[in-house]
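Open the model in your viewer and keep the sequence panel beside it. Each stop below gives a selection and what is there.

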Amino acid sequence: GAAPDELAPVAAKYAREGFAFVSLASPPDELVAALNGGTPPTEPALVIVKGGRRPRAARVAGLASFDSLLDDVLGGGAKFDKFADGLPAWVSASTAEDDAAGDEYDL
């Protein structure tokens with residue numbers, strides 16, 4: 001995945017647009033493959049997930065392509081594909097104590 005300092009400019013640019021960014025440090029291979037449509041990417045990838053009853057994802061590989069995909073999402077031109085086996089599940093690495101403590105976004 002991309003390092004947090006590589007994502008910082010993109011996250012700052014789109015911070016007011018309602019996107020939440022997460023960088024997965026060492027995700028399981030199965031999760032990466034599921035998020036990316038079946039095959040793990042060979043370079044940093046951006047996956048934008050729409051949740052709900054029919055979860056879908058828009059995907060792009062390569063840091064240089066991130067801005068373009070985000071602009072397409074905002075402009076309504078992004079293509080969202082269904083997950084073959086539904087939205088992949090992953091286990092949070094946080095503990096119950098971490099969850100109780102909250103983060104800077106909790107009010």
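How many helices and strands does the protein chain have? The protein chain holds 4 helices and 3 strands; helices (H or I, at least four residues) and strands (E, at least two) are DSSP runs, numbered from the N terminus. Trace the chain along its sequence and the pattern reads α-α-β-β-α-β-α.

This is a predicted model, in which local features need pLDDT of at least 70, side-chain atom pairs count only at pLDDT 80 or more, and totals for chains, interfaces and linings use all residues. Residues are numbered from 1 along each chain as its sequence is written, and side-chain values use heavy atoms, with hydrogens and water left out.

Color by pLDDT, the predictor's confidence in each residue, from 0 to 100. The mean for the protein chain is 78, and 79% of its residues reach 70 or more. Select residues 66-75: helix α3 has the highest confidence, at a mean of 92. Then select residues 96-101: helix α4 has the lowest, at 61.

Next, show helix α1 (residues 4-13) together with α3. Their axes, lines fitted to C-alpha atoms over the stretch in contact, come within 11 Å and cross at roughly 20°. That makes α1 roughly parallel to α3 (angles under 35 degrees, on a scale from 0 to 180 degrees between N-to-C directions).

Which residues meet there, in α1 and α3? Show side chains for Leu-7, Val-10 and Lys-13 in α1, which meet Phe-66, Asp-67, Leu-70 and Asp-71 in α3. Contact means heavy atoms within 4.5 Å.

Finish with the whole chain: of its 107 residues, 21% count as buried (under 20% relative accessible area, 1.4 Å probe, protein chains only).

Key: Buried < 20%, exposed > 50% of the residue type's maximum accessible area, 1.4 Å probe, protein only. Parallel < 35°, antiparallel > 145°, perpendicular 65-115°, else oblique.
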